[in-house]
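Trainee: I am new to this structure and would be grateful for a close look at a single part of it. Please take me through the salt bridges and their surroundings.

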Amino acid sequence: MTSRKINPFGDDDDLDDYGGAWGAPAVSRDAISSIQADAAAFSSSPSDILKDTIRKEAVIKDILASQSDLRTLLARVKTVQGEVDKLQSGNATLKMYVENLTKQASKR
């Protein structure tokens, strides 16, 4: 039997991982039909595209409103955190003052 040369570089003994000859894998007509059917299922009519666009715009508006709300909340959190830090500092100062008074009272 004569072997048919598929590989233009002359390495006909090299087979790909699928046991076929060197080169692009063969695609069956059924696979092509399946791909075409899937592509047809994703095509949309103009009204579907318009509805989808309107829905996307509504989602974007909701996201922007949520971002604004989050910025407001973040600013409030930072303000409250600053107040907490001041109160903790004041508490630490008062605690030292009370400890010093207690030490002085115990020495008498």
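Mentor: Let us begin with the setting. V98 lies in helix 2, which covers residues 46-107. The model is a predicted one, and its chain has two helices and zero strands. Of the 108 residues in the chain, 1% count as buried. The accessible surface amounts to about 10,200 Å², with 59% of that belonging to carbon and sulfur atoms.

Now to the part you asked about. The structure contains two salt bridges. In one of them, the side chain of D52 meets that of R55, with an N to O distance of 2.5 Å. These residues are three apart in helix 2, so about one helical turn separates D52 from R55. The side chains of D52 and K56 also form a salt bridge, at 3.3 Å from N to O. Here the spacing is four residues in helix 2, which again means a separation of about one helical turn between D52 and K56. Through shared partners, the salt bridges join D52, R55 and K56 into one network.

Together with Y97 and L101, V98 forms a nonpolar patch on the surface, and the three have about 290 Å² of accessible area together.

Note on methods. Residues are numbered from 1 along each chain as its sequence is written. This is a predicted model: local features need pLDDT of at least 70, side-chain atom pairs count only at pLDDT 80 or more; totals for chains, interfaces and linings use all residues. Side-chain values use heavy atoms; hydrogens and water are left out. Buried means under 20% relative accessible area, exposed over 50%, partly exposed in between (1.4 Å probe, protein chains only). Accessible areas come from the Shrake-Rupley method with a 1.4 Å probe; for residues, only the protein chains shown count as cover. Patches are made of residues with over 30% relative accessible area and no salt bridge: like charges are joined within 9 Å, nonpolar side chains (Val, Leu, Ile, Met, Phe, Trp, Tyr) within 5 Å. A salt bridge is a side-chain nitrogen of Lys or Arg within 4 Å of a carboxyl oxygen of Asp or Glu.
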